[in-house]
Structures are given as C-alpha cells and as structure tokens.
Amino acid sequence: EGFKMELKDMKPHEVPTVQPTMGLPKDVRLSTLLQVIFEQTALEVYRHVKAHSRKPISTVTWVVTHPVDWPTAARKLMEIAAEKGGLLTPTNDMVIAAKEAGLGVPVINPILLLSEPEAAMLHATQNDPVEIGDIIMVVDNGAGTTDISTHEIVAVQPITRSKASGPIPHYFQESLLAQGGPWGSNWIDKALAEQVLEQIFDEVELKQISPCNYNKLIQEFQIVKHTYGGSGPFLNTIKIGDILIEITEGSPKDLIEEIKKRIKDKGIRIHFSNFSNLVLEDALIEDLFKPVTLEIVKTIKDRLTRAAEDGELPGRIILAGGFSESPYLKKKIEEAIHWKTLFPGKPEYSIDNRLILAADPRLAVLKGGVLHGLHHGEFRFVRIARFTYGFDFDQKIDDLDGVNYDQKIENFKKKHEIHDFPENSISPCKKYILDLFQVLLKKGDLMSKDQRAGTRHQFEALKKGNSFSIFESDDLKPVFTSGGTVRKLGTILLASEKKDIIKIHISFGGDKITAIARNQTQNVTKQEKFEYEFEKQFDLDVA
C-alpha cells in the first residue's frame with residue numbers, strides 16, 4: 001500500500017521497504033513484493049490466454065506503466081523486479097502455464113516502460129482529431145496518485161497496423177515539466193475510515209468485521225464517491241446491515257442504538273435511514289473530498305499559469321483515471337480553470353469548454369499501455385529532464401585563471417559562486433580540485449532516445465580506467481559531486497584495461513540510461529552495463 005509514493009522518494013543507493021497490507025509478518029523490500037506481484041500477474045495472463053484465446057501467441061510484449069515523477073532509479077527497480085518476476089525470462093511455473101495456454105515458449109520482447117499520463121494520452125488521442133502543434137494536458141486521477149503532463153503534438157501520421165480511421169499522433173514533446181502527487185481517491189477512503197468508521201465503531205467491533213464485509217463497506221462508499229456532485233440533496237447511503245448482523249450474530253438492534261448515541265455525542269454528520277443504511281451528509285462528504293481536490297486543482301492551476309507564461313496554453317485538458325468520473329472533482333476543476341478565475345482581464349487566455357473526459361477513463365492507462373505495446377517503436381516521447389546529470393572529474397589548479405595559487409582558488413570560487421570548498425576537495429599535494437561535477441544534461445533540457453527525431457543527446461567524455469560514475473542533482477548547475485542535492489546514480493562498467501582510453505556516448509532519453517563506449521586503444525565499440533547504486537544491495541530472494 002502506498003508503494004508508488006515510496007518509490008517517488010527513492011534514493012539511488014537504497015531499496016525502500018514497506019509493511020504491506022497482505023499478512024506479511026515484517027517489513028519487506030519493495031523489490032521482493034513487486035517481484036511476487038509480477039510473477040503472479042504473468043501466470044494469470046497465461047491462464048487467461050488459455051481460457052479465451054483462439055490461437056497461440058508467439059511473442060509477448062510487457063508494458064509497465066509508472067507515475068510520471070518517479071526518479072530514474074525507481075523505474076529501473078521496477079524493470080528489474082519485472083524481469084526477475086518472469087516478464088523477460090519466464091520462470092518454470094510460467095513455462096508450464098504458457099505451454100498449457102498454447103503459447104509454447106513465447107519470444108518475449110524487452111520490457112517497455114511508460115508513464116501513466118503518457119499512456120492515457122495515447123488512448124485519449126488515438127481517435128480524436130489532432131494537428132501538429134496542438135498542446136494537450138492530461139490529468140490522470142487514479143486511486144493512489146494524480147499525474148499531470150503536457151505535451152505538444154510534433155508529428156502526426158498513420159500508425160502501421162492501426163485500425164483507426166485517420167491519422168493518430170505518434171510523436172509527443174513534453175512542453176511543461178510533469179508533476180504528480182498522492183492525491184488519488186484512495187486518500188478519500190482513508191479519510192472516511194479515520195473520520196467516520198473509526199468513530200462509529202469501537203476498536204473491538206472493527207476487529208470483528210470480516211475483511212470481506214469491510215471491503216464491501218468501502219465499495220459502497222465508492223458509489224457515493226463517484227456520483228457525488230457537490231450540491232443539492234443527495235441520498236448518500238452506505239449499506240452496513242450485513243456487517244451489523246455479523247458482529248451481533250443476528251441481533252443488531254442494541255448495537256444500532258449504541259452507534260446512534262456515538263454519532264450524536266461526537267457530532268458526526270451522518271444518520272441512519274433504517275437499520276441497514278448510513279446516510280452521509282453533503283457537508284461531511286465535501287470535507288472528505290477537500291484535501292485531495294484542493295491539491296489537484298492547485299497543481300492544475302500552477303501548470304496552466306506556467307504554460308501561459310511560456311505562451312503554450314493547452315488546447316484541451318483530458319481527464320483520465322477512475323477518479324476523473326467524479327462529478328464533484330470535474331466541477332471543481334471547471335471552476336478553477338475558467339479564465340475569469342485563472343486569468344482575470346485576459347479573455348484571450350480562455351480555456352473554457354476544453355475539459356474533456358477520456359473515453360473509458362478507468363481504463364485509459366491500461367488501453368494506452370496496450371497501444372504502446374502493439375506499436376512499439378512508432379510512438380515517441382521527448383521528455384524534459386527532471387534532474388541535472390553529470391560525472392565527476394578533477395581540475396588541475398595550474399590550469400585555472402590567476403597568477404598564484406590563492407588567486408586561482410579565489411577566482412574559481414567567484415566563477416562558481418561558492419564560499420568554500422567541501423572537505424577533502426583539494427588534493428594533498430594542492431595540485432587538483434577533486435570531485436567536480438561535469439554537467440552532461442541540465443535539468444529542464446529536452447531529452448529523447450530517438451535519433452531520427454534529431455533530438456538525441458549524446459555526450460562524450462574521455463576517461464581512463466574501467467568505471468565511470470554518473471551523478472544526478474536537483475540543482476541546475478552543481479559544482480561538486482559531494483554534498484547538497486547531488487546523488488551518485490550509478491556506474492558504467494567498462495570492459496577495458498586501466499591504460500585504455502575510452503570515449504563514452506551517454507543517452508538519457510526514454511526511461512533508461514544507456515552508454516555506448518568506444519575503446520580507442522583497442523578499436524572496439526559496444527554497449528556497456530550501467531549499474532545503479534541500489535543494485536549492489538539488491539535482494540530478490542523470495543521466501
């Protein structure tokens with residue numbers, strides 16, 4: 001539970017642990033939990049194919065979606081867990097299940113990673129008329145998180161094998177840095193549990209409620225949550241009759257009277273309509289919604305204001321995800337984005353009537369992911385770098401400007417706007433400044449792995465030795481690779497001798513970091529392994 005947010009804050013050198021709500025007795029690493037989830041998912045897919053497919057499948061492509069603001073290390077962790085869970089090389093159980101399903105031993109393509117709002121955008125735009133230059137914002141309101149991304153349509157052409165009647169977009173360029181946060185509908189469920197359920201039932205009674213009936217209780221609230229419109233009289237009922245009967249073994253009358261007394265004494269804004277229904281007052285439901293909807297609306301307004309400043313207001317705002325079906329949420333977004341509210345006195349910034357609910361919003365991410373898998377290689381995304389990336393190097397003090405050592409050091413400080421050096425950043429012989437940050441890609445730069453689009457970032461660096469460390473930073477121009485917001489992301493492992501001279505081409509596009517190393521001494525070119533820091537203590541043993 002909440003693993004998405006755990007990975008959002010993941011540091012490159014560690015694998016987070018969680019206490020899942022699935023009966024496990026102790027904290028477990030997310031990698032282990034995700035591996036189990038992927039393995040069970042793959043088994044179910046193969047069994048489903050056996051039950052429903054009319055013909056065997058020779059190839060399998062897995063698409064794994066993720067929140068838009070996950071760091072690079074989190075995406076890699078997800079990929080490794082998926083691979084170890086059998087999505088790249090099937091486990092023995094999967095081979096058996098695949099054969100039973102008529103798959104034989106299928107060829108499995110590399111795992112594709114895609115952010116959730118990008119997947120939703122693929123689904124939402126595949127049949128809608130779009131033109132080159134259109135700017136589209138997607139607000140993916142899910143169960144646990146809300147992600148907001150904004151892209152410009154760079155190219156439109158028919159996609160091979162597509163059943164769509166007209167051209168669909170195949171090349172998206174991020175025009176505004178995407179944002180996301182823990183503003184999903186599950187947080188409203190949590191508020192219901194804390195502010196209502198835990199108040200009307202005492203601890204003993206809650207423990208007596210079976211997991212099955214408790215889930216039914218939450219499902220009843222889902223109906224209220226997705227139909228509540230925010231005004232007017234509503235019959236916002238949650239059926240609790242089965243739970244009361246189970247707790248009291250068939251005699252709920254006395255318990256109902258006790259619950260009524262608790263409701264009155266605590267001033268909870270609910271009442272019984274009969275012995276089996278709890279009615280939530282509008283004011284209570286609105287208070288449950290407020291914390292989440294306020295954050296969503298605030299972030300949308302912030303993104304639109306920034307877009308207006310850049311002269312790139314979106315032509316449409318697409319709502320995706322199950323929570324987007326909420327009339328209350330849609331109403332609040334509509335009120336917030338009206339130009340008189342957002343841009344008073346600037347009718348030219350009107351974005352009224354541009355709010356669109358995606359078809360099948362609950363399935364938008366899933367369907368977009370499938371579309372991406374079916375047409376792998378034909379959809380391309382140019383994204384904005386969320387961090388500054390670079391490597392470490394040592395600077396000869398003699399090469400700096402200045403007539404003597406002290407002046408060289410002072411000129412260096414002034415140039416880089418620093419007051420002092422980190423500890424041990426000057427070599428003992430005072431000939432080098434150590435561990436400086438050489439920027440390869442700045443935060444805010446566009447990045448893509450697509451060479452044909454002409455936007456691929458390739459960076460070269462000569463390095464002696466058999467390893468090459470890559471760092472990331474929240475700062476635009478970090479000076480040193482130690483301290484502050486700088487984190488060691490991982491190491492490129494070079495198959496070379498220390499005396500060899502290596503030229504490295506690094507690509508930060510897509511969801512992966514790739515490195516092509518040219519060994520100038522041995523005249524050999526090959527893709528090298530990039531090992532993330534967390535892989536050094538990555539434990540995928542499943543009990």
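Author: Buried means under 20% relative accessible area and exposed means over 50%, with partly exposed in between. The model discussed here is a predicted one.

Reader: Into which class of accessibility does Val370 fall?

Author: Val370 lies in helix H14, which covers residues 364-374. Its relative accessibility is 47%.

Reader: What is the area of the nonpolar surface patch to which Val370 belongs?

Author: Val370 forms this nonpolar surface patch together with Leu363, Leu366 and Leu374. The area of the patch is about 370 Å².

Reader: How many helices and strands does the chain have, and what share of its residues is buried?

Author: The secondary structure comes to 15 helices and 24 strands. The chain has 543 residues, and the share that counts as buried is 49%.

Reader: Among contacts between residues at least 6 apart in sequence, what share joins residues at least 24 apart?

Author: The count takes in contacts in the chain between residues at least 6 apart in sequence. The share of these that joins residues at least 24 apart is 69%.

Reader: At what angle do helices H6 and H8 pack, and what is the distance between their axes?

Author: Two packed helices are described by the angle between their axes and the distance between the axes. Helix H6 spans residues 186-200 and helix H8 spans residues 211-227. They pack at an angle of about 115°, and their axes are 11 Å apart.

Reader: Is the crossing of H6 and H8 left-handed or right-handed, and which residues make the contact?

Author: The crossing of H6 and H8 is right-handed. On the side of H6, the contact is made by Asn186, Ile188, Asp189, Leu192, Ala193 and Leu197. On the side of H8, it is made by Tyr214, Leu217, Ile218, Phe221, Gln222 and Lys225.

Reader: Which parts of the chain does the salt bridge between Arg316 and Asp134 tie together?

Author: Side chains of opposite charge can pair when their charged atoms come close. In the salt bridge of Arg316 with Asp134, the closest N and O atoms are 3.8 Å apart. Arg316 lies in strand E13 (residues 316-320) and Asp134 in the loop between helix H5 and strand E7, so the pair ties together parts that are 182 residues apart in sequence.

Reader: Where do Glu258 and Arg262 lie, and which class of accessibility does each have?

Author: Glu258 and Arg262 both lie in helix H10, four residues apart, about one turn of the helix. They form a salt bridge whose closest N and O atoms are 3.3 Å apart. Glu258, at 34% relative accessible area, is partly exposed, whereas Arg262, at 13%, is buried.

Reader: How many salt bridges does a search of the whole structure find, and which residues are linked in a network of them?

Author: The search finds 18 salt bridges in the whole structure. The residues linked in a network of salt bridges are Glu472, Asp474 and Arg487.

Reader: Is Thr491 buried or exposed, and which residues does it touch?

Author: Thr491 is found in strand E21, residues 486-493. Its relative accessible area is 7%, so Thr491 is buried. Not counting residues up to four places away in sequence, Thr491 touches Ser467, Phe468, Ser469, Lys529, Phe530, Glu531 and Glu533.

Reader: What distance separates the C-alpha atoms of Phe508 and Leu440?

Author: Phe508 is placed in the loop between strands E22 and E23, and at 5% relative accessibility it counts as buried. Leu440 is 68 residues apart from Phe508 along the chain. Their C-alpha atoms are separated by 9.5 Å.

Reader: What is the phi of Asn523?

Author: Asn523 lies in the loop between E23 and strand E24, and at 53% relative accessibility it counts as exposed. Although Asn523 is not a glycine, its phi is positive, at about 60°.

Terms used
Residues numbered from 1 in each chain as written. Predicted model: local features only at pLDDT ≥ 70, side-chain atom pairs only at ≥ 80, totals over all residues. Heavy atoms only, no water. Helix = DSSP H or I, 4+ residues; strand = E, 2+ residues; numbered from the N terminus. Buried < 20%, exposed > 50% of the residue type's maximum accessible area, 1.4 Å probe, protein only. Contact = heavy atoms within 4.5 Å. Patch = residues over 30% accessible without salt bridge, like charges linked within 9 Å, V, L, I, M, F, W, Y side chains within 5 Å. Areas by Shrake-Rupley, 256 points an atom, 1.4 Å probe, with all protein chains shown as cover. Salt bridge = Lys/Arg side-chain N within 4 Å of Asp/Glu carboxyl O. Axes fitted to C-alpha atoms, helices over the stretch in contact; angles between N-to-C directions. Left-handed = near helix turned anticlockwise from the far one by under 90°.
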